[in-house]
Amino acid sequence: MPVEAHIKEHPAWFHRFEAVWTPTVLLFDSHGKERVRLEGYLTNIDFMAALTSGLGRIAFVQKKYADAQRWYDDVVTRFGQSHSAPGAMYWRAVARYSATHDHTVLSKVAEELTTTYPSSVWASKAIPWLSKG
Amino acid sequence: MAVDWSRDVDQAFAAAKEQSRAVLLDFSAAPA
């Protein structure tokens, strides 16, 4: 459900939602809780990937792990070159682990991240999951 | 693809709650 806020038409909204720069895009869940904040311009691919990741985040927080996996999978497969892709790969695995408690998905994604996105912070975050030996 | 933008954030929040949907709020300095 998209809403537009122009600075001259809705200055109060900038204060209410603490939008300190334009463009700013916020994504809220159905309860009005802010889940994503994007400040500054992004390429179309990065924008779409960030919003899709946001929908994954919303599903994950609501413990809808299968939905979360689908959203994150969409980011990884459709927007693999985007800045959101490594994070989506990480969270897709976390959603899968949360649903199944199968810890092998974590070591698998750690391998995948260190191979595919080695300089990503998400690869670093997954290092503790790498299988030893 | 055309986007059907709303100009009423509170109405959007109410509809989002009713329909279990997300709300995207776009802040811009561009002229309307």
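Colleague: Quick one: is the crossing of α2(A) and α3(A) left-handed or right-handed?

Modeller: Left-handed, meaning the near helix is turned anticlockwise from the far one by less than a right angle (clockwise would be right-handed). Bear in mind that this is a predicted model, where local features need pLDDT of at least 70, side-chain atom pairs count only at pLDDT 80 or more, and totals for chains, interfaces and linings use all residues. Residues are numbered from 1 along each chain as its sequence is written, while chains are lettered from A and ligands numbered from 1 in the order in which they are written.

Colleague: Fine. At what angle do the axes of α2 and α3 of chain A cross?

Modeller: Roughly 165 degrees, with the axes of α2 (44-61) and α3 (65-78) of chain A coming within 7 Å. Axes are lines fitted to C-alpha atoms, for helices over the stretch in contact, and angles run from 0 to 180 degrees between N-to-C directions. Helices (H or I, at least four residues) and strands (E, at least two) are DSSP runs, numbered from the N terminus.

Colleague: And which residues of α2(A) and α3(A) make the contact?

Modeller: From α2(A), they include A49(A), L55(A) and F60(A); from α3(A), Y65(A), W71(A) and V75(A) are among them. Contact is C-beta atoms, placed from the backbone, within 7 Å.

Colleague: Switching to the sheet: in what order do the four strands come?

Modeller: β1(A)-β1(B)-β2(A)-β3(A), an open sheet with mixed pairing. Strands pair if DSSP finds at least two bridges between them. The edge strands are β1 and β3 (34-39) of chain A, each pairing on one side only. The twist averages 15 degrees from one strand to the next.

Colleague: In which sense do β1(A) and β1(B) pair?

Modeller: Parallel, over five bridges, with β1(A) covering residues 2-6. P2(A) has L24(B) as its bridge partner, and H6(A) stands opposite S28(B).

Colleague: What does α1(B) lie across?

Modeller: β1 of chain A together with β1 of chain B, and α1(B) runs at about 165 degrees to β1(B).

Colleague: How many residues does each chain put into the contact between A and B?

Modeller: Chain B gives 22 and chain A gives 25. On the chain B side, α1 (9-19) and β1 (23-28) are the elements giving two or more residues.

Colleague: How do the residues on that side of chain B divide?

Modeller: Into 15 nonpolar, three polar and four charged. Ala, Val, Leu, Ile, Met, Phe, Trp, Tyr, Cys and Pro count as nonpolar, Asp, Glu, Lys and Arg as charged, and the others, Gly among them, as polar.

Technical notes
Two residues are in contact if their C-beta atoms, placed from the backbone, lie within 7 Å.
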